[in-house]
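Here are my notes on the structure you sent.

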Amino acid sequence: MDIAPAESAPPPSAKSRSNFTRPGDRIFASLASGSSILLLLIMGAIALFLTTRAIYAISQDHANFFTTFEWNADSTPPVFGIAVLAYGTVISSVIAMILAVPIAVGIALFISHYAPRRLATPLAYIVDLLAAVPSIVYGLWGALFLVPHLGGLNLWLDHYLSWTVIFDQSNPGTAARSLFTVGILLAIMILPVITNVSGEVFRQVPRMHEEAALALGATRWEVIRLSVLPFARSGIISASMLGLGRALGETMAVATVLSSSPVLTAHLLDPEGGTFAQNIASKFGEASDFGRDALIASGLVLFIITLLVNGAARLIIARRKEYSGANA
Amino acid sequence: MSDLTTGARTGTSGARPPLAHRRLPRWAPGGIAAGSIVLGVVIGLLGHLSSHIQWGLIALVLFIGGTYAITTAVEGSRQAKDRVATSLVWASFVVAIIPLYSLVETTISKGIETLNGNFLSHSMAGVLNNDPGGGVYHAIIGTLEQVGLASVMAVPIGLFTAIYLVEYGRGKFATTVTFFVDVMTGIPSIVSGLFILAVWIIILGFSFSGFAGSLALAILMLPIVVRSTEEMLKLVPNELREASLALGVPKWRTILKVVLPTSIGGILTGVMLAVARIAGETAPVLLLVFGNQYINNDPFSGAQSSLPYYVYEQYVVGTDAAYNRAWGAALVLIAFVMILNIVARGIARWKAPKTGR
């Protein structure tokens, strides 16, 4: 299957003509393939070591690992489970996706199709830079700035939308250290990532498609709906899933904002719940040796979830290689 | 001709040019925006809504609704949809800019109060939680050493993997490596920290150290280096390789003397971006380096601190003095990461590979 793109295919080496290879070549080639093998070994080792520690920890667990709410790995007997963590991780990431994907696609469209050219280039640059802001800074800002500023919104949501259950606050006026706030913060964090990748796809839409639509009298929105979005759909999906992977594994921003508790509640504005990464970060300090193994078990679950999400995103990209947003 | 013009006429607009639809004036979007902001503020004031975010949300809803209603009345539904889409795109831009701007603004304005020569040149030794003062010197040392060690490990392996993928890799193995590099990009930093914890500290029995942290950072850095180097090597025109090989230069020397120098700018950029990325990681440091109030210059023994860890540590302390220190350190960290980013992008522009076209 020699269908590699011409530019990446170096000419056939002298090896094919004779069995003589220079020692330098052999050393270099084995260094190169050795590094690749090492990389695969690291991936395998991560899975292997996490699994062995996790199996040990779960075998000592005196409760069902998947359905227990509490995380008391250091009590005797140890009782811990991931139900609350899994719920919190999924819910906060879902909130983040609902908020971030439409807005990120909007910004990407703004940069590629709406903004004046003079504005578009610096904007793309700034979005790039924002993607590099460390998550702990988002966490600090979220805890000290966003949380106090969301109090009013929470009261308002509770006042008018409490019939939806999810926006019902059990104790109106409590600090906004809730899964909902975490979701908003995660949305802000993954905005630049999704914007970057989907913007790259939008710029690759063939000019001809857009011009054809314009020539038929389409308005700008119709051009986008008829030619840009269909072309970029898989790119948007994979960009979103990359963002989702980031949101699922985010540690510090959640650890600083969320006031965690082993409570699984549908009231998203209540300061309850937890996520995998947050639980690891906040329980690690006082964990005993066994407690660490238990945390590793929850880390393994997180690892598997992010692996699935990222793998799916990469497969979607790979299937339509020409829109490669893969270098994000 | 008269048939055509009457056909295009919308009936009510007799006095207008015949081929044009009735259109809103150019200032209409701005006018509607201003009107809805005013209305939003008025409603916010009258309703005693404390959060300014709500005022903005109300204004936004008014703006989009108003645009749709007015445009439908004047220009028709297709134009109305177009205008709503435009205003939604602008709105999403504004909505996103506000928090991101506020993040940068807050960090700079609060951080600059704490930042001074004393802050940069002192550790936290002997500084009580409630006391002002103290500094990030020990954290800067820790960050530089951990990131440096991680780079020393990750960059060569990453470079060689990328060289393998571009210059040697064929078939199933290369595809597998590419796939796992992509998947590895998405490993949460806390998971890589847990992995090193399991292997290095629990199984091999070493204690906390800067080096343990840099092992985890190297795992995070590796796939970023591979991806960016791979992209850059692919940009090197094949003619250069062929010319070199045709002169009888061995393949490894071709790679070393022709391919790598051609793409060195881009590779350097990728490495610096990767460094910037891992310099901001907190979770592995939390698990593996443990944090330290004192200056520890030796990354191979004893606990260290690092800039992102320091921010978290001071946040957890929770006093006003500690919050100020956290903001100061956050500013130092952002400045460090941004300078790396800007320099990296500068190099990329300055040394862009000549693709021969």
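1. Ser170(A) touches His267(A) and Asp270(A), leaving aside residues up to four places away in sequence. Please keep in mind throughout that this is a predicted model.

2. Where does Ser170(A) sit in chain A? The residue is in the loop that joins helix 4 (135-161) to helix 5 (179-202). Ser170(A) counts as exposed because it has 12 other C-beta atoms within 10 Å, and the cut-off for exposed is 12 or fewer. Val228(A) is 58 residues from Ser170(A) along the chain, and 45 Å separates their C-alpha atoms.

3. Helix 7 of chain A (residues 220-249) is not straight: a bend of about 55° falls at Arg233(A). The end-to-end figures for this helix are as follows. With 30 residues, a straight helix would reach 44 Å at 1.5 Å a residue, but the end C-alpha atoms of helix 7 are only 38 Å apart.

4. On the contact between the chains, chain A supplies 76 residues and chain B supplies 85 residues. Within chain A, helix 1 (residues 23-60) gives the most to the side touching chain B, with 18 residues. Sorted by class, that side of chain A has 49 nonpolar residues, 20 polar and 7 charged.

5. Chain B is split into two parts in the domain assignment: domain 1 covers 2-110 and domain 2 covers 137-350. Between the C-alpha centres of these two domains of chain B the distance is 45 Å.

Definitions and conventions: Residues are numbered from 1 along each chain as its sequence is written. Chains are lettered from A and ligands numbered from 1 in the order in which they are written. This is a predicted model: local features need pLDDT of at least 70, side-chain atom pairs count only at pLDDT 80 or more; totals for chains, interfaces and linings use all residues. Two residues are in contact if their C-beta atoms, placed from the backbone, lie within 7 Å. Helices (H or I, at least four residues) and strands (E, at least two) are DSSP runs, numbered from the N terminus. Ala, Val, Leu, Ile, Met, Phe, Trp, Tyr, Cys and Pro count as nonpolar, Asp, Glu, Lys and Arg as charged, and the others, Gly among them, as polar. Domain bounds come from an automatic or database domain assignment. The expected span of a helix is 1.5 Å times one less than its number of residues. The bend at a residue is the angle between axes fitted to the seven residues ending there and the seven starting there. A residue is buried if 20 or more other C-beta atoms lie within 10 Å of its own, exposed if 12 or fewer, and partly exposed in between; C-beta atoms are placed from the backbone.
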